[in-house]
Every structure is written in structure tokens, then in C-alpha cells.
Amino acid sequence: MRRLLVTGGAGFIGSNFVHHVLEHTDDHVTVLDKLTYAGNLASLDGLPSDRFAFIQGDIADAGLVDELFSRADAVIHYAAESHNDNSLHDPRPFLDTNIIGTYTLLEAARKHGTRLHHISTDEVYGDLELDDPTRFSESTPYNPSSPYSSTKAGSDLLVRAWVRSFGVRATISNCSNNYGPYQHVEKFIPRQITNVIRGIRPKLYGAGENVRDWIHADDHSSAVLTILDKGEIGETYLIGADGEKNNKEVVELILALMGEAKDAYDHVTDRAGHDLRYAIDSTKLRSELGWKPSYGDFEAGLAATIQWYRDNEQWWAPAKDGVEAFYASKGQ
Ligand code: NAD
Ligand code: TDX
């Protein structure tokens with residue numbers, strides 16, 4: 001039984017990972033999470049108390065991090081400020097958590113010799129043209145566009161430097177857009193689903209031609225476990241499930257699955273610096289480590305996600321009005 005420390009485990013992807021680990025391994029999990037606006041303890045309800053512990057705290061708190069690393073066999077680092085739109089409004093927390101927080105974890109990993117897996121995003125590579133036949137791979141140069149993605153790129157580079165200069169035992173993964181249960185209503189898919197439930201028309205930025213490469217959060221979790229078990233120290237692995245769709249297609253599919261007219265949405269002000277297209281080539285992870293996704297059918301995964309939001313209104317309702325007021329103030 002390993003003792004895993006999961007940072008950001010009360011957030012969307014971190015909580016999905018904690019559920020996945022407790023279901024598929026006999027590992028013990030401790031979550032370290034600051035419970036920012038994006039963290040929700042209800043996402044961790046019902047977990048077995050003999051295999052799970054929760055600590056509220058900041059990954060930039062060196063004393064606390066040092067103590068937690070001293071009793072962990074491996075650390076999986078999800079904690080981050082994660083929303084592009086927020087980073088355009090107020091970048092500072094992105095520097096504090098994504099850069100200084102990651103630095104703090106790296107120093108603890110260096111001191112204790114702890115195995116670290118750093119979770120990152122495909123957004124570090126910038127964006128692709130719609131008709132570009134290539135996709136992002138591990139050798140694509142970094143070219144981030146937003147305060148969010150630039151701080152994630154910075155955190156990746158810190159990890160690489162700590163591996164090379166100090167021998168820290170770390171791996172990195174860069175994943176494409178996730179969907180599934182427990183995702184905050186500020187993000188594209190939950191925002192539109194909960195809008196329809198509330199009788200608000202979905203909001204599409206600009207023309208809606210921007211492409212995202214969707215993967216179910218549970219497939220992200222299985223990929224991270226695979227890298228933790230079999231990944232080579234110092235290596236980066238891209239995680240993706242060949243799920244490219246443009247935003248207009250996704251909104252229309254949500255509306256169709258929810259029994260609404262396909263065109264019952266509004267075009268709103270576009271995001272500043274809006275990345276056009278992300279697309280992941282995950283050949284290295286598949287061929288070297290033998291991983292493959294289980295959620296092949298996006299429509300079925302989306303239908304299950306819609307059902308989850310219908311069944312769990314008490315989970316998302318407290319955040320909904322504030323998020324919509326914020327977007328309305330930006331014309332979005
Ligand atoms: P999220 O915003 O839902 O969750 C982030 C969690 O981190 C929250 O629980 C929050 O309370 C916690 N947190 C924030 N600052 C903290 C701090 N200083 N100390 C401790 N905890 C803190 O984010 P998410 O969408 O689940 O993303 C998780 C990770 O996955 C991030 O590193 C993100 O860059 C990466 N990622 C996300 C996606 C995606 O589609 N959402 C895709 C690829 C990679
Ligand atoms: O209301 C909306 N309307 C809309 O058209 C919102 C909230 C978004 N969008 C568009 C913007 C993007 O093209 O939908 C797309 C997805 O938007 P987000 O959910 O904000 O995700 P994105 O900016 O692509 O970033 C996500 O994937 C990569 C995560 O939030 C990041 O944490 C991750 O690194």
C-alpha cells in the first residue's frame with residue numbers, strides 16, 4: 001500500500017483521480033487542498049476513512065508541505081488556478097499557486113527524495129491552425145498564450161530544471177480538455193448544461209469555431225496512474241483521447257441531448273487571445289506505457305455528464321449565480 005499525497009484533490013480532476021485510485025488500487029490517499037472557490041469537499045464525500053485523509057492548506061506553505069512530504073511515498077500535483085478567463089481578470093493568484101506553489105513542492109521533493117508527478121496542460125504549446133495536419137507532441141516548442149497557460153508552462157520548466165539540476169524524481173503529463181462529474185460551473189461544458197437546466201441560453205464565445213480535444217476525467221486518471229507506475233523519471237507524456245470537436249458542435253450536442261432546439265444559444269464576446277485549436281498526439285503514452293482510453297464515445301460520456309449535473313444540483317447550485325454575474329459583467 002503506497003501513501004499518496006494528492007494536491008488539489010478537492011478540485012475537478014483531482015477529486016476524480018482520488019475516486020479512481022480508491023476504487024482501482026489499495027493505496028492510501030491524503031489530499032492537500034486550500035479550498036479556494038474551485039475546491040469542494042462535497043466532491044470527496046463518502047470516501048473510506050481508513051484509506052483517505054483531508055488536509056486544508058496551501059501548497060505554497062513550505063512548513064506544511066515539508067511535513068506532508070516526509071510521510072508520502074509519492075505526490076501527484078493537481079493544485080492550480082485553472083481557469084483562463086479568471087487569469088485574464090486577475091493573474092496574481094496564478095503566479096502564487098502555479099509558480100511559487102510548484103516551486104515549494106519541488107524543494108520538498110528534493111529534500112525528501114519523494115517521487116513527484118506534475119499535472120499540466122496542452123495549453124503550454126499554444127494553439128494550432130484549424131487545418132494543421134500536425135498535433136501537439138512531446139517535442140512541440142512551448143508557446144503559451146494566457147496568464148494561466150504561461151504559469152503552467154513556467155511550472156513545467158521548473159520541474160524539468162529540478163530533475164536535471166537536483167535529480168528530483170519527477171514526471172510530467174500534459175493533458176487536453178477534460179469533461180465529467182465535479183467540474184466547476186465556470187467551465188464551458190458544465191456552464192452550458194447548468195444554463196439549460198436553469199432556463200438560460202448557452203453562451204458561445206465568438207463564432208464557436210475553436211476546437212478542443214475532449215477526454216473524460218476518468219481516462220485522465222487512468223493515464224496518470226499508468227505514468228506513476230511505469231513512467232520514466234524525467235519524461236513528459238501527453239495525454240489525449242482523439243476527441244477533437246469545435247465549441248459550436250459541443251453546444252449543439254448538449255442542446256440536442258437535453259431536448260432543446262439546436263440553435264437555442266447566444267454568441268457572446270470572444271475571449272481575449274482565445275486559442276484556436278488544441279490537438280494531442282498521445283502515441284508515446286500508448287506505445288511506451290501501454291495506456292488507452294476507455295471512454296471512446298464522447299456523446300455517451302456527455303449524456304452521462306448531463307445526467308450527473310441533473311442529479312447533483314445541490315453540488316453546483318451555490319456557485320452558479322456568482323459565476324453568471326461575473327460573466328455578465330464581461331459581456332459573456
Ligand atoms: P480546479 O480549478 O477544478 O481545481 C483546482 C484545485 O486546486 C481546487 O480544489 C483548489 O482549491 C486547489 N488549489 C488552488 N490553489 C491551491 C493552493 N495554493 N494550495 C492548495 N490547493 C489549491 O482545476 P482542474 O480543472 O481540476 O485542474 C487540475 C489540474 O489539471 C491543474 O493543474 C490544471 O492545470 C490541470 N489540467 C486541467 C485540465 C482541464 O481540462 N480542466 C486539462 C489539463 C490539465
Ligand atoms: O461560456 C463559455 N463559452 C465558450 O464558448 C466558456 C466558459 C468557454 N467557452 C469556450 C472557450 C474555449 O474555447 O469553450 C472552450 C473551453 O473553455 P474552458 O472550459 O474555459 O476551457 P479552456 O480554456 O479550453 O481550458 C481548459 O482546458 C485546458 C481548462 O480550463 C484548463 O485548466 C486546461 O488546462
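Trainee: Leaving aside its neighbours within four places in sequence, with which residues is Gly8 in contact?

Mentor: Two residues are in contact if their C-beta atoms, placed from the backbone, lie within 7 Å. By that criterion, Gly8 is in contact with Gly14, Asp33, Tyr78, Ala79 and Ala80, sequence neighbours within four places being left aside. Please note that this is a predicted model, in which local features need pLDDT of at least 70 and side-chain atom pairs count only at pLDDT 80 or more, while totals for chains, interfaces and linings use all residues. Residues are numbered from 1 along each chain as its sequence is written, and chains are lettered from A and ligands numbered from 1 in the order in which they are written.

Trainee: Where is Gly8 placed, and why does Gly8 count as buried?

Mentor: Helices (H or I, at least four residues) and strands (E, at least two) are DSSP runs, numbered from the N terminus. Gly8 sits in the loop between strand S1 (3-7) and H1. A residue is buried if 20 or more other C-beta atoms lie within 10 Å of its own, exposed if 12 or fewer, and partly exposed in between, with C-beta atoms placed from the backbone. Gly8 counts as buried because it has 27 C-beta neighbours inside 10 Å. The C-alpha atoms of Gly8 and Ala79 are separated by 3.7 Å, although these residues are 71 apart along the chain.

Trainee: Which residues are closest to ligand 1, and which element gives the most to its shell?

Mentor: A residue is near a molecule if its C-beta atom, placed from the backbone, lies within 6 Å of it. Ligand 1 is surrounded by 30 residues, and the closest are Gly8, Gly11, Ala38, Gly39 and Ala80. Helix H1 (12-24), helix H4 (92-112) and strand S5 (115-121) each supply at least two residues of this shell; H1 gives the most, with three. For classes, Ala, Val, Leu, Ile, Met, Phe, Trp, Tyr, Cys and Pro count as nonpolar, Asp, Glu, Lys and Arg as charged, and the others, Gly among them, as polar. The shell around ligand 1 has 12 nonpolar, 13 polar and five charged residues.

Trainee: How many residues surround ligand 2?

Mentor: There are 16 residues around ligand 2, the closest being Ser82, Thr121, Lys187, Phe188 and Tyr205. Helix H6 (188-198) and strand S8 (203-205) each supply at least two residues of that shell, and S8 has the largest share, three residues. By class, the shell around ligand 2 divides into three nonpolar, seven polar and six charged residues.

Trainee: At roughly what angle do the axes of H6 and helix H8 cross?

Mentor: Axes are lines fitted to C-alpha atoms, for helices over the stretch in contact, and angles run from 0 to 180 degrees between N-to-C directions. The axes of H6 and H8 (residues 247-257) come within 10 Å and cross at roughly 35°. The contact is made by Phe188, Ile189, Gln192, Ile193 and Val196 of H6 and by Asn247, Val250, Val251, Ile254 and Leu255 of H8. This contact has eight nonpolar, two polar and no charged residues.

Trainee: Which residues of H8 are buried, and what covers them?

Mentor: An α-helix has 3.6 residues a turn, so residues three or four places apart point the same way. In H8, Asn247, Val250, Val251, Glu252 and Ile254 are buried. Their cover includes H6, S8, strand S12 (244-246) and helix H10 (298-311). Just after H8, Gly259 takes a positive phi of about 75°.

Trainee: What phi values do Leu35 and Tyr182 have?

Mentor: Leu35 has a positive phi of about 55° although it is not a glycine, and Tyr182 has a positive phi near 70°, again in a residue other than glycine. Leu35 lies in the loop between strand S2 (28-33) and strand S3 (52-56) and is partly exposed, with 13 other C-beta atoms within 10 Å. Tyr182 lies in the loop between strand S7 (178-179) and H6 and is buried, with 22 other C-beta atoms within 10 Å.

Trainee: How many helices and strands does the chain have?

Mentor: The chain has 11 helices and 13 strands. Of its 332 residues, 47% count as buried.
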